[in-house]
Amino acid sequence: MKNTTKLVLTLTVMASFAFIKPKHSEPKKINIVIDAGHGGTDFGATSDTITEKKIVEQVTKKIKSLNSNVVIHFTRNEDSFLSLNDRTAFINKLKPDLVLSLHVNTSLNNKTSGLEFYVAKETEFFEKSSEIAGKLINKFAANKNLKVSNVKTGPFYILKKSEVPAVIVELGYLTNENDKKYLIDDQEQNKIALSISEFISEMK
């Protein structure tokens, strides 16, 4: 009788385990910070009435409007001034997987043109940032209308002080007529935003 009872209990326990669904761990969500450079009283690069702060804000809003499978945070969502220290404090509190800081360039030589990508040597994330910048360059290079540079280095504050991989993307030169045309063109801005959105969506 005792053996029969034990057998019944054993079978009951085994049956209960059979109906327990195994837990599947959720895939890690990728977190990205998009930093729209300048803002508010800081106009950045200018050409007549065209300003860097407005261009990067427009591109940032277009990125925001595109659905992505990553979590995107923005250092600013409107035309407001935010110090470099405030930006990096925001970034380092979040600890995202990547920071992309968007800017527009100028040069004394009006023939200088194209997108440029900067990383900082002074951080432990130099190699990872360089790797990401290289992949982002390849994404933009698919647009044959855009001239893109190789990865460059620069001791920029946002790169040095961010405690995560970070890349500055200079979207073009306001002092170059061809660059200026695409920088202020709505459709060209859409293409830039789409390239960035697709790139971060492919991150793992």
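How many helices and how many strands does the protein have? Counting them up in this predicted model gives 7 helices and 8 strands. Now for some exercises.

**Exercise 1. Work out which parts of the model to read with care, using pLDDT.**

Step 1: Start with the whole protein. Its average pLDDT is 89, and 87% of the residues reach at least 70.

**Exercise 2. Describe how the protein as a whole is packed, using burial and contacts.**

Step 1: Check burial. Of the 204 residues in the protein, 46% are buried.

Step 2: Check how far apart in sequence the partners are. Take the contacts between residues at least 6 apart in sequence: 78% of them join residues at least 24 apart.

**Exercise 3. Find out how helix α7 crosses helices α4 and α2.**

Step 1: Know what to look for. Two packed helices are described by the angle between their axes and the distance between the axes.

Step 2: Take α4 (residues 126-141) with α7 (residues 186-201). Their axes come within 10 Å and cross at roughly 135°. That angle makes α4 oblique to α7, and the crossing is right-handed.

Step 3: Name the residues that touch. From α4 come Ile132, Lys135, Leu136, Lys139 and Phe140, and from α7 come Ile192, Ser195, Ile196, Glu198 and Phe199.

Step 4: Repeat with α2 (residues 52-65). Here the axes of α2 and α7 come within 8 Å and cross at roughly 55°, so these two helices are oblique to each other. α2 passes α7 in a right-handed crossing.

Step 5: List this contact too. On the α2 side are Ile55, Gln58, Val59, Lys62 and Ile63; on the α7 side are Asp186, Gln189, Asn190, Ile192, Ala193 and Ile196.

**Exercise 4. Is Thr88 buried or exposed, and what does Thr88 touch?**

Step 1: Thr88 sits in helix α3 (residues 84-94).

Step 2: Use the cut-off. Buried means under 20% relative accessible area; Thr88 has 4% relative accessibility, so Thr88 counts as buried.

Step 3: Find the neighbours. Leaving out residues up to four places away in sequence, Thr88 touches Tyr157, Ile158, Lys161 and Ser162. The C-alpha atoms of Thr88 and Glu163 are 8.4 Å apart, although 75 residues separate the two along the chain.

Step 4: Follow the side chain. It reaches the backbone oxygen of Asn85 at 3.1 Å.

**Exercise 5. Which residues of helix α6 are buried, and what happens at the start of α6?**

Step 1: In α6 (residues 177-184), the buried residues include Asp179, Lys180, Tyr182 and Leu183.

Step 2: At the start of α6, a side-chain oxygen of Asn176 comes within 3.1 Å of the backbone nitrogen of Asn178.

Terms used
Residues are numbered from 1 along each chain as its sequence is written. This is a predicted model: local features need pLDDT of at least 70, side-chain atom pairs count only at pLDDT 80 or more; totals for chains, interfaces and linings use all residues. Side-chain values use heavy atoms; hydrogens and water are left out. pLDDT is the predictor's confidence in each residue, from 0 to 100. Buried means under 20% relative accessible area, exposed over 50%, partly exposed in between (1.4 Å probe, protein chains only). Helices (H or I, at least four residues) and strands (E, at least two) are DSSP runs, numbered from the N terminus. A polar contact is a pair of N or O atoms within 3.5 Å; within protein, one must be able to donate a hydrogen and the other to accept it, and residues adjacent in sequence count only if both atoms are side-chain atoms. Axes are lines fitted to C-alpha atoms, for helices over the stretch in contact, and angles run from 0 to 180 degrees between N-to-C directions. Angles under 35 degrees count as roughly parallel, over 145 as roughly antiparallel, 65 to 115 as roughly perpendicular and the rest as oblique. A crossing is left-handed if the near helix is turned anticlockwise from the far one by less than a right angle, and right-handed if clockwise. Contact means heavy atoms within 4.5 Å.
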